Amino acid sequence: MCLICSRIEMIKENQNPYFVKELETGYVVLGDHQHFQGYTLFLGKHHVTELDQLRKPDRDLFLSEMADVAEAVKLAFEADKMNCESLGNGDAHVHWHLFPRKDGDLREYSHNGKGPVWWYPMELMYHQDKEPTAKELICMKAKRQAALEEVEKKYGNL
């Protein structure tokens, strides 16, 4: 079983503390590490490795829901910019990495403080001190839930 399928099973068993909300095509979860405060993942419900493996209506809804989740993350964490990435090289299961960005958040790693999140050193980004505490998880989940509800009011059901 792939890592993302395992995480989804934990959600279904109410054992995933990072779980925020289930949508029609996927699951909203907090990232295990929070160097970029508010980092969120949107995990596709179906185990496919590429977007083109989804039926067009499912793909369109998945992409629409991802955009709504990104908007909620931006709102909840007052991002200046959102980075939305679907790579799948490490975990071959469709999912999105949603990084809320702040101006200059890479100041020490680029000449103008701007660049992709991957310019930040991995050993620092995934260091254990970037794992949210139980209290931080509760707070971040509440912020994300409130923002998701706000986006839902704007567009309809999420």
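The buried residues of α4 are L137, M140, R144, A147, L148 and V151, where buried denotes under 20% relative accessible area, exposed over 50% and partly exposed the range in between, with a 1.4 Å probe and protein chains only. Because these residues cover an arc of only 110 degrees around the axis, they lie on the same side of α4; the arc is that of the directions from the helix axis to the C-beta atoms. On the other side of α4, K135, I138 and K153 are exposed. The model is predicted, so that local features require pLDDT of at least 70 and side-chain atom pairs pLDDT 80 or more, whereas totals for chains, interfaces and linings use all residues. Residues are numbered from 1 along each chain as its sequence is written, and side-chain values use heavy atoms, with hydrogens and water left out.

Helices (H or I, at least four residues) and strands (E, at least two) are DSSP runs, numbered from the N terminus. The 22 residues of α4 should span 32 Å at 1.5 Å a residue, which agrees with the 31 Å between its end C-alpha atoms; the expected span is 1.5 Å times one less than the number of residues. The buried residues of α4 pack against β1, β2, β3 and α2, contact being defined as heavy atoms within 4.5 Å. G156, with a positive phi near 110 degrees, follows α4.

In α1, the buried residues are I4, C5, I8 and I11. Their arc around the axis is only 110 degrees, which puts them on the same side of α1. The elements covering these buried residues include β1, β2, β3 and β5. Just after α1, a positive phi of about 55 degrees is found at N14.

An open sheet is formed by five strands in the order β1-β2-β3-β5-β4, with antiparallel pairing; two strands pair if DSSP finds at least two bridges between them. β1 (19-22) and β4 (81-85) are at the edges with a single partner strand each, so one side of each has no neighbour in the sheet. From one strand to the next, the twist averages 20 degrees. α2 packs on the sheet and touches β2, β3, β4 and β5, its direction making about 165 degrees with that of β3. Axes are lines fitted to C-alpha atoms, for helices over the stretch in contact, and angles run from 0 to 180 degrees between N-to-C directions.

Five of the five residues of β3 are buried, so this strand is largely enclosed by the rest of the structure. T40, F42 and G44 point one way from β3, and L41 and L43 the other way. β3 pairs with β2 in the antiparallel sense over five bridges, and L30 stands opposite T40. Four bridges join β3 to the antiparallel β5, where H95 is the bridge partner of L43. Between β4 and β5 there are five bridges, also antiparallel, and N83 stands opposite F99 in β5.

The largest nonpolar core has 41 residues, of which F36, F42, V69 and L98 touch the most other members. Such a core is a set of buried Ala, Val, Leu, Ile, Met, Phe, Trp, Tyr and Cys residues joined through side-chain atoms within 4.5 Å. At least two core residues come from each of α1 (3-12), β2 (26-30), β3 (40-44), α2 (56-76), β5 (95-101) and α4 (134-155). The most is given by α2, with seven residues. Not counting residues up to four places away in sequence, L98 touches G38, Y39, T40, F42, M66, V69, A70, M82, N83 and C84.
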